[in-house]
Amino acid sequence: MSKVKVAILGSGNIGTDLMIKLGRSKTLELTAVIGIDPQSDGLRRARELGYAGVHTGIDGFLADPELEADIVFDATSAKAHLYNAKVLKEAGIKVIDMTPAAVGPLVCAAVNIEDHLDKDNINLITCGGQATIPMVHAVNRVSSVEYAEIVATIASLSAGPGTRANIDEFTETTSRAIAEVGGAKKGKAIMILNPAEPPIMMRDTVYTLVEDGTMNEEAIRQSIDEMVKVVQTYVPGYRLRTEPIFEGNKVTIFLEVEGAGDYLPKYSGNLDIMTSAGVKIAEAFAQKLIMKETV
């Protein structure tokens with residue numbers, strides 16, 4: 001086995017950007033893009049690139065004996081994923097859930113990939129979660145975080161129908177993941193859609209309150225810098241906007257995420273960090289599958 005076969009469920013912005021990134025992967029082989037609109041730009045581009053473009057949804061894909069996938073990326077919606085997760089599990093196909101449905105364990109690409117490579121369904125949390133939870137984790141591994149709050153601000157133009165339909169799930173799932181994955185005792189998430197023209201880059205603010213007596217400014221700075229470099233290995237446009245600010249037991253971190261510009265504008269860092277994280281996690285799955293085949 002030289003490459004692991006994958007398919008994309010959802011032919012919108014995230015699915016299409018993901019398709020372009022998968023074309024560069026050394027361990028993943030894209031076989032199909034699955035949607036429900038035969039005229040969608042994503043399916044058209046998929047067919048032009050030589051992939052199967054399935055317009056009859058997940059049921060149509062599973063009913064076609066010529067189409068194969070070991071892993072499916074679900075880039076639909078939280079509501080749709082509840083059905084998709086069920087039928088894909090029955091088919092024995094691993095799922096990387098890019099919606100906020102949170103059916104499977106919450107995974108942040110920079111923090112806890114290795115803990116969940118044996119699961120059949122893993123959840124990528126949200127774009128805000130992928131951007132900010134590494135910072136919460138970076139602070140918490142040095143000084144115990146009592147409370148963490150994140151504010152994710154994205155350009156209104158980069159929030160498609162799927163993002164807008166999932167805002168409630170975004171808040172709930174990200175807040176939960178700040179604690180479960182980031183390590184904070186309590187977490188809160190806020191999303192802002194900014195209509196400014198020209199559109200702004202994705203910007204995130206992370207506030208953490210550390211336990212009294214545990215603040216270590218130098219160690220926290222170093223931990224944050226190390227984590228930024230980890231995220232930059234798969235999202236080169238991820239960066240600090242300023243040095244962290246220390247006030248009493250509060251640490252404030254300002255982030256910016258610039259997209260790679262594969263399918264979407266560079267200001268759509270919110271979508272780029274999701275697709276990049278999805279590929280990163282799928283490649284970890286693939287490496288494990290390839291190793292099992294070669295043993």
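For sorting residues by class, Ala, Val, Leu, Ile, Met, Phe, Trp, Tyr, Cys and Pro count as nonpolar, Asp, Glu, Lys and Arg as charged, and the others, Gly among them, as polar. Keep that handy for the pockets below.

A quick word on the source: this is a predicted model, where local features need pLDDT of at least 70 and side-chain atom pairs count only at pLDDT 80 or more, while totals for chains, interfaces and linings use all residues. Residues are numbered from 1 along each chain as its sequence is written, and side-chain values use heavy atoms, with hydrogens and water left out.

Let's start with the pockets. On a 1 Å grid over the protein atoms alone, a pocket is an open set of points where a 1.4 Å probe fits, with protein on both sides within 12 Å along at least five of seven lines; lining residues have an atom within 4 Å of a point. Grid points are joined across faces, edges and corners, and a volume is the space filled by probe spheres set on the points.

The largest pocket comes out at about 810 Å³. It has 37 lining residues, and Ala75, Thr76, Ser77, Gly162 and Thr163 are the closest to its centre. Helices α1, α3, α4, α6 and α9 each supply at least two residues of that lining (helices are DSSP runs of H or I with at least four residues, strands are runs of E with at least two, numbered from the N terminus). By class, the lining splits into 17 nonpolar, 19 polar and one charged.

The second largest pocket holds about 280 Å³. Among its 13 lining residues, Arg24, Thr233, Tyr234, Ser276 and Val279 lie nearest the centre. This lining has four nonpolar, three polar and six charged residues, and α9 gives the most, with five.

Stay on α9 for a moment, as Lys280 sits in that helix. Lys280 counts as partly exposed because its relative accessibility is 32%, between the limits of under 20% for buried and over 50% for exposed (1.4 Å probe, protein chains only). Beyond residues up to four places away in sequence, Lys280 touches Ala109, Ile113, Thr233 and Tyr234, contact meaning heavy atoms within 4.5 Å.

Now for Glu256, in strand β12. At 12% relative accessibility, Glu256 counts as buried. Its contacts outside four places in sequence include Met201, Arg203 and Tyr238. With Arg203 there is also a side-chain to side-chain polar contact at 3.1 Å, that is, a pair of N or O atoms within 3.5 Å, one able to donate a hydrogen and the other to accept it; residues adjacent in sequence count only if both atoms are side-chain atoms.
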